[in-house]
Amino acid sequence: MSDQENITKENAGQKEIPKGPNYKAKLKFYDCKGSGECIKACPEKAIEEGPKQLPAAVCLSEGKYEMLPGKAVIIEDKCTGCADCIPVCPNQALEMVAV
């Protein structure tokens, strides 16, 4: 049986996820729906839930903030590049990027 024939329905079409110390998780902000699955999956506690509410003085249109209530926040200094968060996100809102 060839490698092509060994592909199952579960992994058909999925790309290999890059991981390791040369990679960090990055949030695709607008895809995040705040499920919290990534927070539970991170062994390094490098992903936290963003604020429930932003201060009234924050104006999102200024572009200073890329967060909305309930979105995940990645603490880059804690991320080891393990990629455990990637497959658990139901919205594919995370990706690994080279650093």
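**Before selecting anything**

The model is predicted, so local features are given only at pLDDT of at least 70 and side-chain atom pairs only at pLDDT 80 or more, while totals for chains, interfaces and linings use all residues. Residues are numbered from 1 along each chain as its sequence is written, and side-chain values use heavy atoms, with hydrogens and water left out.

**The whole chain**

Colour the protein by pLDDT, the predictor's confidence in each residue, from 0 to 100. The average is 80, and 70% of the residues score at least 70. Now select residues 1–12, where pLDDT stays under 50 and the model has 2 contacts (heavy atoms within 4.5 Å) beyond four places in sequence. Where pLDDT is low, the predicted coordinates should not be read in detail.

Switch to a cartoon view, which shows 1 helix and 4 strands, in the order β-α-β-β-β from the N terminus on. These elements are DSSP runs numbered from the N terminus, with helices (H or I) of at least four residues and strands (E) of at least two. Of the contacts with a separation of 6 or more, 75% are between residues 24 or more positions apart.

**An aromatic pair**

Select Phe-29 and Tyr-30, the 1 aromatic pair that a search of the whole structure finds. Their ring centres are 4.9 Å apart and their planes stand at 80°, so the pair is edge-to-face. Rings of Phe, Tyr and Trp (its six-membered ring) pair if their centres lie within 6.5 Å, and planes under 30 degrees apart count as stacked, over 60 as edge-to-face and the rest as tilted. Phe-29 is buried, with a relative accessible area of 6%, whereas Tyr-30 is exposed, at 63%. Here buried means under 20% relative accessible area, exposed over 50% and partly exposed in between, with a 1.4 Å probe and protein chains only.

Leaving aside residues up to four places away in sequence, Ile-86 touches Ile-17, Leu-94, Glu-95 and Met-96. The C-alpha atoms of Ile-86 and Cys-38 are 7.3 Å apart, although the two residues are 48 apart in sequence.

A pocket, on a 1 Å grid over the protein atoms alone, is an open set of points with protein on both sides within 12 Å along at least five of seven lines, and its lining residues have an atom within 4 Å of a point. The largest pocket holds about 440 Å³ of space, counted as the space filled by probe spheres set on grid points joined across faces, edges and corners.

**Val-97 in strand 4**

Finally, move to Val-97, which is found in strand 4 and is partly exposed, with a relative accessible area of 28%. Not counting residues up to four places away in sequence, Val-97 touches Asn-22, Tyr-23, Lys-24 and Lys-26. With Lys-26, 71 residues apart along the chain, the C-alpha separation is 6.6 Å.

Terms used. On a 1 Å grid over the protein atoms alone, a cavity is a set of points where a 1.4 Å probe fits but cannot get out, and a pocket is an open set with protein on both sides within 12 Å along at least five of seven lines; lining residues have an atom within 4 Å of a point.
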